[in-house]
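The following paragraphs lead a new reader through one protein model, beginning with a single contact and widening to the whole chain. The sequence and the structure are shown first.

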Amino acid sequence: MSTAHQEEIRQFQALMEDVDDTLKHTFKNMHQGYPTETLIRFLKARDWNVQKAHKMLIDCLQWRIQNEIDNILAKPIPIDLYRDIRDSQLVGLSGYSKEGHPVIAVGVGHSTYDKASVRFLWLLHHVFGFSPMCSMIAKIWSNI
């Protein structure tokens with residue numbers, strides 16, 4: 001990690017220590033073991049402006065709480081419905097690049113979406129399908 005932005009990262013970490021326990025818990029679920037890398041993503045998105053990055057992250061965490069993202073997998077999805085959703089959404093890991101990066105195929109415009117017409121179930125499928133992948137991608141990219 002570059003030392004050019006260490007001060008911004010430390011300031012952001014200090015701000016995150018002052019948030020309430022609910023937000024801390026949601027942040028822990030969100031970063032999946034990579035808190036510094038997650039903070040860096042938000043800092044980069046706001047051109048290393050700590051205050052704007054902090055507001056963006058807090059808004060993101062509050063959205064996750066309001067929409068119960070951390071609990072979305074608690075209710076199991078029936079296997080037949082899961083298969084219908086999976087078959088109607090053309091998204092998935094298709095392999096790895098020569099550099100070892102995951103390649104994700106997205107069939108834009110080819111989604112039937114008729115079998116999975118409920119937004120919640122579409123979201124559930126994607127959270128279920130891509131949570132482990134996101135963790136894996138974060139691990140790979142943190143070593144670059």
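This is a predicted model: local features need pLDDT of at least 70, side-chain atom pairs count only at pLDDT 80 or more; totals for chains, interfaces and linings use all residues.

The side chains of Thr26 and Asp70 are joined by a polar contact of 3.3 Å. Thr26 belongs to helix α2. Its relative accessibility is 3%, and because a residue under 20% is classed as buried, Thr26 counts as buried. When neighbours within four places in sequence are left aside, Thr26 is in contact with Leu61, Arg64, Ile65 and Asp70.

Arg64 lies in helix α4, and its side chain makes a polar contact of 2.7 Å with the side chain of Asp70. Is Arg64 buried or exposed? With a relative accessible area of 16%, Arg64 is buried. Not counting residues up to four places away in sequence, Arg64 touches Thr26, Asn29, Met30, Ile69 and Asp70. Met30, one of the residues that Arg64 touches, is 34 residues away from Arg64 in sequence, while the C-alpha atoms of the two are 9.0 Å apart in space.

The next subject is helix α2 itself. At the start of α2, a side-chain oxygen of Asp20 comes to within 3.2 Å of the backbone nitrogen of Thr22. Which residues of α2 are buried? They are Leu23, Thr26, Phe27, Met30 and His31. These residues cover an arc of only 125° around the axis, and therefore lie on the same side of α2. An α-helix has 3.6 residues a turn, so residues three or four places apart point the same way. The face of α2 turned away from the buried side carries the exposed residues Asp21 and Lys28. The buried residues of α2 are covered by elements that include α1, α3 and α4.

Beyond the end of α2, the backbone deserves a look. Just after this helix, Gln32 takes a positive phi of about 50°, although Gln32 is not a glycine. Gln32 is found in the loop between α2 and α3, and its relative accessible area of 33% makes it partly exposed. A further positive phi occurs at Trp48, where the value is near 65°, again in a residue other than glycine. Trp48 is placed in the loop between α3 and α4.

Helix α1 can be examined in a similar way. This helix comprises 12 residues, 6–17, which at 1.5 Å a residue should span 16 Å; the end C-alpha atoms are 17 Å apart, which agrees. The buried residues of α1 are Ile9, Phe12 and Met16. Because they cover an arc of only 65° around the axis, they are on the same side of α1. Among the elements that cover them are α2 (21–31), α3 (35–45) and α4 (50–66). Phe12 provides a detailed example: leaving aside neighbours within four places in sequence, it is in contact with Leu39, Phe42, Leu43, Val50, Ala53, His54 and Leu57.

In an unreviewed entry, UniProt lists residues 35–60 for "domain: CRAL/TRIO N-terminal". In the model, this span is 85% helix and 0% strand, and its end C-alpha atoms lie 15 Å apart.

The whole protein may now be considered. How many helices and strands does the secondary structure comprise? There are six helices and two strands. From the N terminus on, the elements run α-α-α-α-α-β-β-α. The protein has 144 residues, of which buried residues make up 28%. Among its contacts between residues at least 6 apart in sequence, 64% join residues at least 24 apart.

Terms used:
Residues are numbered from 1 along each chain as its sequence is written. Side-chain values use heavy atoms; hydrogens and water are left out. Helices (H or I, at least four residues) and strands (E, at least two) are DSSP runs, numbered from the N terminus. The expected span of a helix is 1.5 Å times one less than its number of residues. Buried means under 20% relative accessible area, exposed over 50%, partly exposed in between (1.4 Å probe, protein chains only). The arc is that of the directions from the helix axis to the C-beta atoms. Contact means heavy atoms within 4.5 Å. A polar contact is a pair of N or O atoms within 3.5 Å; within protein, one must be able to donate a hydrogen and the other to accept it, and residues adjacent in sequence count only if both atoms are side-chain atoms. UniProt positions are given in the numbering used here, feature names are shortened, and annotations may be inferred rather than shown by experiment.
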